[in-house]
Amino acid sequence: MSQRHAFPSKAFQNALLRWYDHHARTLPWRAVPGQTPNPYHVWLSEIMLQQTTVAAVGPYFQKFTQIWPNVHALAKANPERVMKEWAGLGYYARARNLIACAQQITQEYGGVFPQEELDLLKLRGVGPYTAAAIAAIAFNKQAVVIDGNIERVTARLFRIQKPLPSSKPLIRHHAMDLFKNIKRSGDFAQSLMDLGATICTPQNPKCSECPVKNFCEAFEKGDAALYPLKNKKKKIPVREGKVFWLTKNKQLVCEVREKDRMLGGMLGLPTTDWDLKHDASDVNRDAFKAIDTGLSITHTFSHFKLILKIYAAQVKVLPKKNMKFIPIHDILDSGLPSLFQKVARKMITS
Ligand code: SF4
């Protein structure tokens with residue numbers, strides 16, 4: 001296929017949809033053929049899938065839809081419970097936005113999801129990708145949906161020579177050809193996602209099994225695995241901080257983190273200010289008179305790596321108002337985010 005000719009959108013769409021009709025993945029949030037998609041399920045899954053894999057999201061999606069089966073129920077949810085059930089999925093701003101968005105839909109839209117991309121974009125926590133995905137998948141509206149899988153498939157189909165992320169506008173330009181005048185918009189977006197997840201995989205793409213190999217420039221050249229080209233990753237900085245394991249008998253001091261901090265609103269263990277560039281509160285926190293256990297954990301966030309050294313002390317009373325005691329044997333089920341789960345596991349097992 002040469003880029004000099006107009007891309008045969010219709011033939012490409014037909015080939016991919018024929019394949020999808022036989023090979024679509026079964027996913028808990030996905031409507032089966034003949035079923036009307038549930039916008040609440042589509043929205044919830046798309047928010048959960050941001051920065052998270054399909055395998056990790058599955059159990060969370062099942063749990064959320066059991067506890068809060070529709071947008072009205074989620075709008076009335078106790079925020080602490082939502083944060084607790086979200087624990088482990090990461091990127092906690094998504095959970096806070098989830099409740100705000102559910103409330104927005106019940107209060108401003110009478111509990112009915114808007115269908116148009118521009119209206120969806122006004123919802124809390126819904127960015128351009130998510131708005132396009134909901135419009136296409138839940139409402140079969142024409143929208144150009146580009147997630148990580150579709151980005152990779154497009155870069156290979158057109159053998160895009162610019163590296164990511166600067167190639168994003170060019171990828172969108174070509175993706176518009178893929179989606180041109182598409183009728184089964186939701187199925188088509190999902191067929192591209194499934195192709196990327198199962199055949200056009202990041203490593204070792206299975207080009208010989210690919211239903212659209214005849215449209216693919218990278219297949220023609222035999223160099224699919226090289227794409228998408230990427231700029232070399234910058235090394236992320238390392239930060240250090242202290243975390244405090246403060247106990248009274250068999251109870252542990254936990255705190256609800258301040259809303260405007262990283263992991264805001266989540267339950268955590270007391271720490272120094274590792275989320276600020278300058279860890280400024282060592283002086284105050286050292287008032288715990290905790291001793292260095294010699295243990296530490298490492299956790300990688302998107303923009304820095306954190307090493308937390310674990311300090312321990314016994315206390316008589318709760319040191320601050322936002323703190324509470326939790327029995328140590330309940331700590332791993334109490335909704336701690338992964339960072340603090342690592343600390344708890346280390347202390348319990350060592
Ligand atoms: S032929 Fe290979 S590179 Fe091209 S879309 Fe199919 S799996 Fe991807």
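Reply: What follows begins with the whole protein, turns to the contact between the domains, and ends with some individual residues.

The model is a predicted one, and every value below was computed from it. The protein holds 14 helices and six strands, and its C-alpha trace spans about 75 × 45 × 30 Å along the principal axes. Of its 350 residues, 49% are buried. Among the contacts with a separation of 6 or more, 67% are made by residues 24 or more positions apart in the chain.

The domain assignment divides the protein into domain 1, covering residues 9–226, and domain 2, covering residues 238–349. Taken over C-alpha atoms, the centres of domain 1 and domain 2 are separated by 35 Å. To the contact between them, domain 1 brings eight residues and domain 2 brings 12 residues.

The area buried between domain 1 and domain 2 comes to about 730 Å², and carbon and sulfur atoms give 59% of that area. On the side of domain 1, the residues that lose the most area to domain 2 are Lys84, Tyr92 and Arg96, which together make up 53% of what that side buries. As for specific polar links, there are zero salt bridges between domain 1 and domain 2, while one residue pair, with both residues at pLDDT 80 or more, is in polar contact. Helix H5, residues 79–86, gives the most to the side of domain 1 that touches domain 2, contributing three residues.

Phe113 lies in the loop between helix H6 (93–108) and helix H7 (117–120). Phe113 counts as buried because its relative accessibility is 8%, and the limit for that class is under 20%. When residues up to four places away in sequence are not counted, Phe113 touches Pro39, Tyr40, Trp43, Val71, Ile105 and Phe139. The C-alpha atom of Phe113 is also 9.5 Å from that of Ala102, a residue 11 places away along the chain.

Thr130 sits in helix H8, which runs over residues 128–139. With a relative accessible area of 3%, Thr130 is buried. Leaving aside neighbours within four places in sequence, the contacts of Thr130 are with Glu46, Ile47 and Gln50.

Pro163 is found in the loop that joins helix H9 (148–157) to helix H10 (168–179). The relative accessible area of Pro163 is 23%, so this residue is classed as partly exposed, a class that lies between the 20% limit for buried and the 50% limit for exposed. Apart from residues up to four places away in sequence, Pro163 touches Leu229, Lys230 and Asn231. Between Pro163 and Arg18, which are 145 residues apart in sequence, the distance in space is 31 Å from C-alpha to C-alpha.

Definitions and conventions
Residues are numbered from 1 along each chain as its sequence is written. This is a predicted model: local features need pLDDT of at least 70, side-chain atom pairs count only at pLDDT 80 or more; totals for chains, interfaces and linings use all residues. Side-chain values use heavy atoms; hydrogens and water are left out. Domain bounds come from an automatic or database domain assignment. Contact means heavy atoms within 4.5 Å. Buried area is the accessible area (1.4 Å probe) that two parts lose on being put together, summed over both. A salt bridge is a side-chain nitrogen of Lys or Arg within 4 Å of a carboxyl oxygen of Asp or Glu. A polar contact is a pair of N or O atoms within 3.5 Å; within protein, one must be able to donate a hydrogen and the other to accept it, and residues adjacent in sequence count only if both atoms are side-chain atoms. Helices (H or I, at least four residues) and strands (E, at least two) are DSSP runs, numbered from the N terminus. Buried means under 20% relative accessible area, exposed over 50%, partly exposed in between (1.4 Å probe, protein chains only).
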